[in-house]
Amino acid sequence: MRRTRVALISAGLLATGLLVAAPATVHADDTTRVAVPGLRDPAFIVRDVDGVPHIKAKNAHDLFFVNGWVHADDRLFQMDLTRKRASGRAAELLGSSAIPGDVQMRTLGVRRAVERSFQAQSRETREALKAYADGVNSWIARNKLPSQYAAVQVTKVEPWTVLDSLTVAKILAFSLSFDLDIDRTAQVQAYNAAGFDGHAAVFKDVSPFAAFTNASPVFDSTGKPADPGGGSRPVESNKGVSGVAAKLAADYLKKAEKTPLLADILRRDADRGSNSWVIGGRHTATGRPLLASDPHLGQEAPSIMHPIGYDGGGYNVQGVSVPGAPFIVLGQNRDIAFGSTQHAVDVSDTYVEQVRPDPASPSGLSTLYKGKLEPVVAIDESYRVNARTPGRQDAITPVPAGGGIPAQTYIVPRRNNGPLLSVDQATGTALSVQYTGYSVTRELDAFRLLDKARNYDEFRDALTLFDMGGQHFVYADIKGNIAYLTNTEVPIREDLQAGKVNGNPPYLLRNGTGGNEWLPVANRQPNQAVPYEIVPNSELPQVVNPPAGFIVSANNDPTGNSFDNDMLNQLRPGGGISYLGFLHTGTRAGRITDMLRAAVAKGRITSDDVVTMQSDTSSVDGRLFTPFITGALKRAKGSKNAELTALAADPRVAEAVNRLAKWDLTYPTGIPEGYDGNDRNGKLGKPSQHEIDNSVAATLYTLWRGRFLINVFDKHLAQISPKLPAPADFYALPAIRQLLVDFDERKGVGRSGIDFFAVPDVADPDDRRDLLVLRSVRDALNLAAGDDFAKAFGNSTDQSAYRWGKLHRYNFPSPLGAPYSVPSEGNRFTSPLPGLPGIPADGGAGIVDASSHPIRADSPDRFTFTFVPVRRGVHQATPLGMRGVDSLFGGSSEDLGGEFEQNLLPGWLTNDTYPIRMYPSDLKGATHSVTQFAPLRQQ
């Protein structure tokens, strides 16, 4: 933390009733006194021994003023970069490499939506935003800039504004809710072109809607079965889109993939999302609820989350905030605790438009809708870039239009003021996107009210202002109530409401010339923001005090609509197709549900039990797939197929399968340099033989799984047509699960008619399956012993050398690179394994302690991963108030080498926690420093 000691202090500061003498554990040198204009009363920050700042103030204005100050003190560069990235201005800090991303973010227009949203916030939120901005700017005016600015050769920071805070909040919601339908449409097109039913091939075979398990927050907690549906609805997607539109879509996708934020949003190779669950008092050791929450977000250094506590001005709340914005987004106050996970409701549609020259339009262009021209709006753009020239500071210069840098962004008013993504001038074909987030939304209003909520009714009412960025929320209170609900504004499409699908369904490119519109609002819901008809709150999933006594939310399907792999055969209560979204995961939710059921059957659950559950690395897919491997070897020994017999006789294959038969399904590192959940307080222990054996089995299983997917999908589809896309990682495990579970009935033939288990000259279906299974074991062993893995395993054929920790490693990158990336040269964390960058850690794909990697990874460098639990929190209701523990990677500060930059990382790596110090007594003996603020009266 960069602390500044300002000599000015108003008389009587220590005499006030608010500020107290520094605790006895704090030396005089650990108290900083600051006097600043803008404060109304004395206030202070108590920073605890874990680096968490606790703000004490007499009024809300001063609380949020100090909030802005402490965020700037801890994370100013991160805040500045976030607002610039979201606004399409990152090149002004990072240089020319960021220009392509700036163009796309400027096109998508998050900042444009923000500029319309300020007046829609409540008076209280507007006042908090203003006080927060004043606090940030007060810090900037009195302090030296962080070292990151010197690294990019910038010496000045423009003032923080209330719109910047709204932008920071909106870009987080955007990253959790925005989607394009381009890649799915391209998949369908490819299968159609090869002579298959593209919709069946993609959504029933290679990218199924149904998740790996049928875990569901509503179904599992209430026992109420999912709606069986009203019969399949016709999907006319075989018509596809025109070749011009398909090329536009493919070209835009390439641009999006070069934009870091968009690339993360559109990635299908990671198990992104979060875990949260809540347990009622009848199942806990204390007789009161427990709530767990761990959001999985990108692990860029520093963490997207910042720990903080508020006390004063009507607030008494602890948890994590987002640097750049006031309010706590996950945590607890005295009466309630709340957590959330991403709910991938479908709130964006991408349209194929017809664009025509139109002299009557201010932009010279109009779109064609139902045969009539509608003007397109043009917005002038200008870009600047930081030259980062050696020896020159603040060399930020304009970039002329041309060469991929547009002079204007085109807006389609009909699309909720969404943009034209790309245009083919020769044919007049264009792509546009419509998104609920382009409306005037109030995310920060919702969080302000969540922080102050004292009961379920107030919590539920606060979420009526959560307009975008769909989330599954879980809730617990000290009176014993638990609840789950999802709240966001989901548009109702005209064709679905009429009970049919007109052309492509909403998860593919839609027709912009008519028939696929969002219905205009006719039945406005309480606090509604978007100007379209939306699904009423009464139809959104919600549960209060369910019979099961627990609720599990981990990005799983809350209604069960996806269980039959058809998203369009359920009906709304009043008619029309019920459709919320289609992206659901199931492995984590299934495992958590199983753990809770087992714990409930065994006895009462403690807070420590829940912390242990959060660190679980058991493989749900491994439990299903390893019996197929052991069964294949057993059958191969008696097979009449020569290749199967040879595979069974191969001692390497037999040893590997024997190791997998003994595997306990966990992913320990198996190396002394690796961080494992059974290590304590960030201190490494020597792995036991049991851990080593399971580490080797984890490596063998992971390499087998990747080769098996390649042999079943990638190689086979490429033989049919080199243009047929194999399933992305997000869908690959559900896809292969479906084929194996259905094997007795369908013999490996998918719903599209493709025989995924076809093997030339092998007639028996069981032999074909077993051949692919055991070939994949052999391929995995060859890969591990080969040159591609030499950095990890040294070309060894000794399977005991294949330790999982040599592959599975954390990297926390910074956009500035070393020494700000963790680990890196010059950083306090350096890579402990020569030639293998990263921090070895337990975990794997699809597990509760999320740490996924590319499932088909074929070199050691591809086993590092992207989405991690950026915060693990567990909250316990007590008669006197909420208690809790937290775990964050990194620390509160971005100050390179500072005391609180990485202090929490070792404990996070070993799944340990620190206490949430909610009450004054909690800080006794746990105070690191005090910063005392006094109003500086203007003369």
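Reply: Let's start with glutamate 353, which counts as buried because its relative accessibility is 1%; buried means under 20% relative accessible area, exposed over 50%, and partly exposed in between, using a 1.4 Å probe and protein chains only. Before going on, bear in mind that this is a predicted model, where local features need pLDDT of at least 70, side-chain atom pairs count only at pLDDT 80 or more, and totals for chains, interfaces and linings use all residues. Numbering runs from 1 along each chain as its sequence is written, and side-chain values use heavy atoms, with hydrogens and water left out.

Glutamate 353 belongs to strand E10, residues 348-357. (Helices, H or I with at least four residues, and strands, E with at least two, are DSSP runs numbered from the N terminus.) Its side chain makes a polar contact with the side chain of arginine 415, at 2.7 Å. That term covers a pair of N or O atoms within 3.5 Å; within protein, one must be able to donate a hydrogen and the other to accept it, and residues adjacent in sequence count only if both atoms are side-chain atoms. Setting aside neighbours within four places in sequence, the residues in contact with glutamate 353 include Thr367, Leu420, Gly428 and Gly512, where contact means heavy atoms within 4.5 Å.

Now for the rings. The whole structure holds 43 aromatic pairs. One is tyrosine 456 with phenylalanine 459, a tilted pair at 6.4 Å centre to centre with 40° between the planes. Rings of Phe, Tyr and Trp (its six-membered ring) pair if their centres lie within 6.5 Å; planes under 30 degrees apart are stacked, over 60 edge-to-face, and the rest tilted. Tyrosine 456 and phenylalanine 459 are about one helical turn apart because they sit three residues from each other in helix H14, residues 456-463. Tyrosine 456 is buried at 12% relative accessible area, and phenylalanine 459 is buried at 0%.

Tyrosine 507 and phenylalanine 582 are also tilted, since their ring centres are 5.5 Å apart and their planes meet at 55°. This pair links distant parts of the chain, 75 residues apart: tyrosine 507 is in the loop between helix H15 (494-497) and strand E21 (510-511), while phenylalanine 582 is in the loop between strand E23 (550-553) and helix H16 (587-602). Both are buried.

Last stop: helix H7, residues 162-175. Of its 14 residues, 13 are buried, so H7 is largely enclosed by the rest of the structure.

How values were computed
The expected span of a helix is 1.5 Å times one less than its number of residues.
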